[in-house]
Each structure stands twice: as structure tokens, then as C-alpha cells.
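Biologist: Before we use any terms for this structure, could you take me through it slowly and tie each term to its definition?

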Amino acid sequence: MWNKRRDEEPQRPYNPQAPASAPAVPSPVVVKKEATPVSSMSPARYEPDNRGGGSASIGKAVKIVGQIFSNEDLYVDGEVEGTVEAMEHKLTIGPNGTVKATVKAREVAVLGSIGGNVEATDKIEIRKDAKLVGDIKTARIIIEDGAYFKGSIDIVKPEPVKAAPKPAQQAAAAPHGNQVSVAAGATENKR
Amino acid sequence: MLLPGPLKGMFRSRGGQPPNGPTQPAGPSRAQAALRGGAAAALLSSRPSRGLEEFFTYIRGRCGLRILDMGGATQKNVTFITDLGHKMYSEDFLQILNDTFGADGTTEQSNPGRIEYFLKQTLNYQEGEFDGVLVWDVLEYLSPALLTAVVERLQHVVRPKSYMLAFFHAEDKVDAVPFYTFRIGAANAIEVAQHGVRQPAQLFNNRSLEKLFGRFESVKFFLTRERLREVIIKA
């Protein structure tokens, strides 16, 4: 009888350092200049749609004042003031996210709030209940009913695709791994 | 009589048959809910619009114009305007009105300080910035003092010889009018979504509209079957 109960318990390897259910391993994040905690919250708490594999995230209890340069997809659910650039990647402003910044990215999805000009080379989505006050420059735009937008929209047709570069050139142009660079004037953990 | 369009329900209720008396004015909570898009399911219908057709006649064949939409950003309007090669500006005029004065705050709409603040929030553009303005029906919800200030500001921000399109209900006496959002279906058709009703601050006839836009070059009216005046104003 006692042995049977033991058998029913899930078998876990003994590892006092690790929690019982370890969260997904975050992608490698390289922070340049100042060592700033990019996120204080587990990425597992975010919606799966809003974070692809290898994306960085700024949790809702984090405030960053300064410049953010990201070489991977970025999810902002906290507060950012300054500039945000993710030129080849997707930037998502989560429902709790408040960005007072000039934003540049390949793709921008807004579920929270942006106050500042936004440039998205591919597309921008302003979801229901999101708020964007600023001028938009993009190739495509999606605005859901219930979204608030004040500003101008400049549709810029994408340039025609050039001939594919040679492999050697591609290797030279490729980013050196995933990295987020934060040049922050001040960082505040509001928790 | 069967009327097409989004107003047919309203006319039915105004025909003297409703058992519960005349239509009641919209309360602030209902109007607020409408402004937030939280009202009951919007009634969406499409109808021809001579006013819109005229508006696009003037800007057709040109490119790179600056068009202001005062009805808030909708996907259809943005797509239609930008596909024509124009730059679109969006103002959620009624939302800012609501934020500044409250949903039925017409009493405060004569306060000069608040009027100035409101204009900084919503129409703070340079002189002659726009080549066309889609005003829709937002002017109906302004008290006389605020309306005069807004029309003056509109005249300031539009380029001479440019056009504006505005809608006004043609009823003489009404407590509440349907609260709409307008979407461009085609160059001569609009889609109208109703979000409940809202109390207008004042009602207009042709003469009062001519007086209101007296400083503009010309005013042209189109009366729709839904007793809605579509007005083209040339700056």
C-alpha cells in the first residue's frame, strides 16, 4: 500500500536550486553599457501570441528612461521614456505598457499606450482599447474598432526588393546574435 | 412608410406611435458608453452619400493632400484616404470633447478658458494645414460659444479653396439624435454605425448653417432621405 502511493507521486530529479516547475529558459540577452534589469517578471506570464521565441520583454513593474536598441523582438509591458528602436524586429506594447518615446521597428503592435512618433517599416497594429498619440509612418496599418488614435498617418510604400546579396555579404550584414542594448538614464523598479 | 438606412428606427419612434411617449434625451452614461464604443451592438448600414461624392470629386486626381478626419480613426477611412495617396490626420473630436466637458457638459462649453484648452487639445494645427476636412456630425454637439470657436479654428487650419464635409440632422425639434460613426464605403457611399443616441446641443436649418459658415466662400446642401443634411463647405 505505501509503496503504491510512492509510485503515484511524480518523479522529480533532486535539485534544490531549481523550482519545481522551471519557467522557459529566456533567450540570451546582452546588455551593453549599464547593467540594467530588462525584466523583473517571468516571461511565462505573458500571452503566447505576444512573445515569440527569442524575444525580450520589459515587465510591467519596470520603468526605463533612455534609449533602447533591440536586435530581437521586444515586448514592453512596463513604462518607457526616450527612444525605442528594433529596426528589424517586432515591438509589442502590452496592455499595461506605456511608452512615451519615438519608436522605430519593423512591426509595431500596440495594446497599451504610445505617446510619440512611430515608424514601422512593415506594419503597425493598433488594437482595441489601445491608445496612440503621435505621427505614424508605415507601409501598412491596422486599426481595430475601439482604438484611440490622434495624429497623422503617412503610408510609405516599401521599396522594391533588390537582388539577393551574395552569401559573404549576408554573413557580414547579419547581427551578432540576439541582443538588447539599453542606454538608460534612469531605471526604476516600481515593485 | 419604410425608410432605408440607420434612421428608420428613429423615425418610427417619432411618428407618434410609441406607447411610452417621446424619445428621452441621452443620459451621460449612455453617451459616454457610446463614445467608448461600449454601447450595444452597432447597427451598420450603407447608403449613398452625395456629400461624400462631392468631397471626393474635389480631391480626386490629386495626390499628397492632407485630409483631417474628425470622427476618430477607423480602418476603412484610413485605408480609403491613404489608398488615394493622401496623408491622413485623425482626431477623435467627440472623445476629446467628452474628456474636456463631460458627456453632456454643454453648460461648461461657454467657458472661454475651457474652450481655449479644448482647441489646444483637438485642433492645434498651423494655418492652412489641411486640404480637406471630414467633419461628419460632430458640430451638432457643441453649444453656440464653442461651436463658433471651433468653426473659426477650422477656417484657420484649412487651406483656402479647400473643402469640408459636415452632417447635420434636419429635424426641427428633437431631444436626442442617433450617435453615429461614419465609414467610407466608396467614393459615393458611407457605412453608418449607430451607437445609441446622444443629445444635440443645437439644431440647424439651412439659414442657420449659412450663417454659421458665413465666412467661408460657399455652402452647399444635400438632404438625404434620412433627413440628414450633408453640407459641403468651401473655404
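This is a predicted model: local features need pLDDT of at least 70, side-chain atom pairs count only at pLDDT 80 or more; totals for chains, interfaces and linings use all residues.

Biologist: What makes a residue of chain A count as buried, and what percentage of the 191 residues are buried?

Modeller: A residue is called buried because 20 or more other C-beta atoms lie within 10 Å of its own, and residues of that kind make up 34% of the 191 residues in chain A.

Biologist: How do you know that β10(A) and strand β3 of chain B pair, and in which sense?

Modeller: Pairing requires at least two bridges found by DSSP, and β10(A) has 3 bridges with β3 (residues 87-90) of chain B, in the antiparallel sense, so the two strands pair. Within this pairing, Ile153(A) stands opposite Met88(B) in β3(B).

Biologist: What makes residues of the two chains count as being in contact, and how many does each chain contribute?

Modeller: Two residues are in contact if their C-beta atoms, placed from the backbone, lie within 7 Å, and the contact takes 14 residues from chain A and 13 residues from chain B. On the side of chain A that touches chain B, β9 (136-143) and β10 (148-155) each supply at least two residues, and β10(A) gives the most, with 8 residues.

Biologist: Which classes of residue does that side of chain A have?

Modeller: By class, the side of chain A that touches chain B has 8 nonpolar, 3 polar and 3 charged residues.

Terms used. Residues are numbered from 1 along each chain as its sequence is written. Chains are lettered from A and ligands numbered from 1 in the order in which they are written. Helices (H or I, at least four residues) and strands (E, at least two) are DSSP runs, numbered from the N terminus. Ala, Val, Leu, Ile, Met, Phe, Trp, Tyr, Cys and Pro count as nonpolar, Asp, Glu, Lys and Arg as charged, and the others, Gly among them, as polar. A residue is buried if 20 or more other C-beta atoms lie within 10 Å of its own, exposed if 12 or fewer, and partly exposed in between; C-beta atoms are placed from the backbone.
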